[in-house]
Amino acid sequence: IMTYTVSPSSTRRQWLGGAAAVMGGVMGAGLAATSQAASPSSPYPTAKAEEIVRRIKQPAIPKRDFRVADYGGRGDGKTDNSQPIAKAIAVAVKAGGGRVVLPSGVCLTGPIRLRSKVELHVPKGTRLKFIPEPARYLPVVPTRWEGVELMGYHPLVYAYGEHDIAVTGGGILDGSADDKTWWPWKGPWADGKFSDTPIAERQAGDRTRLFDMAERGVPVVERVFGEGSRLRPPFFQPYLCKNVLFEGVTVVSSPFWLLHPVLCDSVTFRGVTCDSHGPNNDGCDPESCTDVLIDNCTFNTGDDCIAIKAGRNADGRRVAKPCENLVIRNCLMKDGHVGVAIGSEMTGGVRNVYVQDCTMDSPHLSQALGIKTNGYRGGVVEDIHMTRIKVGRVDKTFLQIWLYYEEGEGGAFVPSVRRITLSESRVVSTRRVLVIRGRPDSPVTGLTLSHLVVGEEQQPSVVIDARDVALDHVTIAGKAWTAADVARLPGLDSVTCDKWAMCR
């Protein structure tokens, strides 16, 4: 194992390295399966990941059914099922819990609120289609929007302070967002593309107003963004809940983030397909949660596939709750911005994240793993581990850590990133293997790459303000790299990187 330290604020000394390993035909083999067994030298803490999975509790829901059709529900694509669904849930709650079963066909509805010991079952052959009329998603409820608490639009499926809740089945949950509904609140949106042309309905003004309220310490109950505001609701948001299961269904056409548990304990996403390409359509955003499993899910999204969060700026410091103990395994990232992102709303800190046996392959995927924060967010990111990751093409960077994200320099809250490992993984092609931008007052520490094979790197990596970087069997384009190669790499002064860390 070789270790290399990049001197603080260096613009010439960078790192890209590895130990002797043969290419092993990665280009010819493409995304050939990697070994499921950890190598003797693997830094991946398998036992800790397994301990988290064992600890997560599944919801305890009585085995009895309450059929929405018995309360006037219909899957005819015409009937408004809002009241029949609410009635079935209320009856289930009064009986001590159970499974609320939707009829087959297209079931129209407004927002749904889950209660303790209730499972919403969307069978195969059922499309639960939400009516895209913003007035239906009022009155406002306690929620979070980009890491800040507020009184906002009711999420499409919501639970607050509940326990033992579930959404299951083989059907489709359709948010009905498109070029004409919900998505234009971000800005002009047509043909899958976003335009910066100003219009009166853009969310930017509301976003700025909300963030300003949080910085000034305005009480959450006074941060009201209801009728007339343009902060889109997430699709599924359990808030302050325990023992949550979301399994088997497909989520499409979401107004905003798709799956967004907040301040929850014991959360499982299993066999879910996230297929939505609107603006800010992150697939799964666990925020300030403890013990989360994301297993065997597919992501085909308009933004980050998975984004782990923990509050933003002053509001994140007020709540002060990290997101910790997450296991992500056996997932397919078909399309999106980042395969697994941490931040940028990560003020409360993120720790103990274990990613294993995932496949990422898209010409639009900018990074496989991205960590993003700045001096306004602050926060500590530590103990992030990825192993047996099969990556086809990555447009920008295999691993990116950027401590000057969005606002760039400034801010009094110095972030910290430490103990990041990537092992036993293959990458067919990437523009750069690494883009690491620590800070002089807080270098990235404890980065380990082990048994990594990269078929093609189109441009040299950028690593500034990092130390204790360890290499073990890293091969790039058929060559084993060592610290001796560092002097031949160009400095940051020859590379253009914007505040989003998109190095050109």
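A residue is classed as buried when its relative accessible area is under 20%. By this cut-off Thr445 counts as buried, because its relative accessibility is 16%. The structure described here is a predicted model. Thr445 lies in strand 33, which covers residues 444-457. With neighbours within four places in sequence set aside, Thr445 is in contact with Val417, Arg418, Arg419 and Arg467.

Val381 is placed in strand 30, made up of residues 380-387. The relative accessibility of Val381 is 0%, and Val381 therefore counts as buried.

Strand pairing was examined next. Strands of a sheet pair through backbone hydrogen bonds, in either a parallel or an antiparallel sense. In this model, three strands form an open sheet with parallel pairing, in the order 6-11-16. Strand 6 (112-113) and strand 16 (236-239) are the edge strands, and each of them pairs on one side only. Strand 11, residues 157-160, pairs with strand 16 in the parallel sense over four bridges. Within this part of the sheet, Tyr160 stands opposite Tyr239 of strand 16.

Charged pairs were then considered. Side chains of opposite charge can pair when their charged atoms come close. Over the whole structure, a search finds 34 salt bridges. One of them is formed by Asp80 and Arg136, whose closest N and O atoms are 3.0 Å apart. This pair links distant parts of the chain, as Asp80 belongs to strand 3 (residues 76-80) and Arg136 to the loop between strand 8 (126-130) and strand 9 (141-145), 56 residues apart. Asp80 counts as partly exposed because its relative accessibility is 33%. Arg136 has a relative accessibility of 29% and so counts as partly exposed.

A salt bridge is also formed by Arg351 and Glu324, with 2.6 Å between the closest N and O atoms. Distant parts of the chain are linked by this pair: Arg351 is in strand 27 (residues 350-356) and Glu324 in strand 24 (residues 323-329), 27 residues apart. Arg351 is partly exposed, its relative accessible area being 32%. Glu324, in contrast, counts as buried because its relative accessibility is 14%.

Asp441 and Arg439 form a further salt bridge, in which the closest N and O atoms are 3.0 Å apart. Arg439 counts as buried, at 8% relative accessibility, whereas Asp441 is partly exposed, with a relative accessible area of 48%. Elsewhere, salt bridges that share partners join several residues into one network, consisting of Glu146, Arg207, Lys309, Arg312, Glu345, Arg377, Glu406 and Glu407.

Terms used: Residues numbered from 1 in each chain as written. Predicted model: local features only at pLDDT ≥ 70, side-chain atom pairs only at ≥ 80, totals over all residues. Heavy atoms only, no water. Helix = DSSP H or I, 4+ residues; strand = E, 2+ residues; numbered from the N terminus. Buried < 20%, exposed > 50% of the residue type's maximum accessible area, 1.4 Å probe, protein only. Pairing = 2+ DSSP bridges. Contact = heavy atoms within 4.5 Å. Salt bridge = Lys/Arg side-chain N within 4 Å of Asp/Glu carboxyl O.
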